[in-house]
Amino acid sequence: LQIPVPPVSDAEYNRRRQLGQDLFYRPASSKVSYEALMKAVGQSEHWTLIDKNDRKKIVWESAKAGYWFWAEVAPACPRLGSSWNKLVHEQKLCLLSLEEYAIVWWAHQAAANIMLDIKTWSWLRTRFGSGALPACGYDGGVGVVWWNAGDLARSDDDGGGRAAEVVKR
């Protein structure tokens with residue numbers, strides 16, 4: 001897998017690091033699928049891979065081309081107590097997708113030896129039918145559950161959202 005040099009200056013990188021963000025690369029889905037990523041990190045038995053009925057309900061975000069993106073990397077999820085609806089509809093926050101979250105979680109754990117969301121969880125922009133997915137660090141890996149549409153207005157003191165921003169070329 002060839003990863004291109006990020007189109008980011010040293011000054012921009014340092015500024016973003018000061019804001020608690022780091023830079024990640026998502027390869028094209030044709031090069032590394034979600035399935036291949038999860039298998040590579042030892043999560044081949046995760047329900048998002050093996051549960052055929054629930055898997056069909058996930059709105060997958062394939063990437064035609066690889067891209068760099070910024071993500072918040074505080075150990076505890078930012079914006080705790082915010083519902084999915086508030087983050088997405090009111091604050092217009094671009095949350096991490098399921099694929100991006102898996103990349104951020106595993107890459108940050110490998111680089112910084114810090115597992116994200118061990119005591120918190122993060123809403124994902126990935127839809128599960130009319131609902132959505134939250135994710136966390138669970139049992140040494142990425143844990144993902146699904147919530148139905150009625151839960152999207154619900155706030156939780158232990159849950160919030162991590163922002164994602166694609167790097168502009």
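1. Conventions. This is a predicted model, in which local features need pLDDT of at least 70 and side-chain atom pairs count only at pLDDT 80 or more, while totals for chains, interfaces and linings use all residues. Residues are numbered from 1 along each chain as its sequence is written, and side-chain values use heavy atoms, with hydrogens and water left out. Helices (H or I, at least four residues) and strands (E, at least two) are DSSP runs, numbered from the N terminus.

2. Largest core. A nonpolar core here is a set of buried Ala, Val, Leu, Ile, Met, Phe, Trp, Tyr and Cys residues joined through side-chain atoms within 4.5 Å. Buried means under 20% relative accessible area, exposed over 50%, and partly exposed in between (1.4 Å probe, protein chains only). The largest nonpolar core has 28 residues, and Phe69, Leu96, Val104 and Leu133 touch the most other members. Elements that each supply at least two of its residues include α2 (34-40), β2 (67-72), α6 (98-112) and β4 (131-138). The most comes from α6, with 7 residues.

3. Leu96 and the second core. Leaving aside residues up to four places away in sequence, Leu96 touches, among others, Phe69, Tyr101, Val104, Leu124 and Arg162; contact means heavy atoms within 4.5 Å. There is also a second, separate core of 10 residues, which includes Trp84, Trp121, Trp147 and Leu152.

4. Two strands pair if DSSP finds at least two bridges between them. On that basis, 4 strands form an open sheet in the order β5-β4-β3-β6, with mixed pairing. Because β5 and β6 (159-161) stand at the edges with a single partner strand each, one side of each is left without a neighbour in the sheet. Neighbouring strands are turned by 45 degrees against each other on average, direction ignored. The β3 and β6 strands pair in the parallel sense over 3 bridges, and Trp123 stands opposite Gly161 in β6.

5. The β2 strand. β2 pairs with β1 in the antiparallel sense over 6 bridges, where Asp22 has Ala71 in β2 as its bridge partner. It also pairs antiparallel with β7 (residues 164-166) over 3 bridges, and there Phe69 has Val166 in β7 as its bridge partner. Which residues point each way from β2? Tyr67, Phe69 and Ala71 point one way, Trp68, Trp70 and Glu72 the other, and all are buried.

6. Largest pocket. On a 1 Å grid over the protein atoms alone, a pocket is an open set of points where a 1.4 Å probe fits, with protein on both sides within 12 Å along at least five of seven lines; lining residues have an atom within 4 Å of a point. Grid points are joined across faces, edges and corners, and a volume is the space filled by probe spheres set on the points. The largest pocket holds about 300 Å³. Of its 21 lining residues, Leu23, Phe24, Tyr25, Ile103 and Ala107 are the closest to its centre. α6 gives the most to this lining, with 6 residues.

7. Two loop residues. Asn113 is in the loop between α6 and β3, and its phi is near 60 degrees, a positive value in a residue other than glycine. Asp117 is also found in the loop between α6 and β3, with phi near 55 degrees, again positive. Asn113 is exposed, with a relative accessible area of 63%, whereas Asp117 counts as buried at 0% relative accessibility.

Note on methods: Axes are lines fitted to C-alpha atoms, for helices over the stretch in contact, and angles run from 0 to 180 degrees between N-to-C directions.
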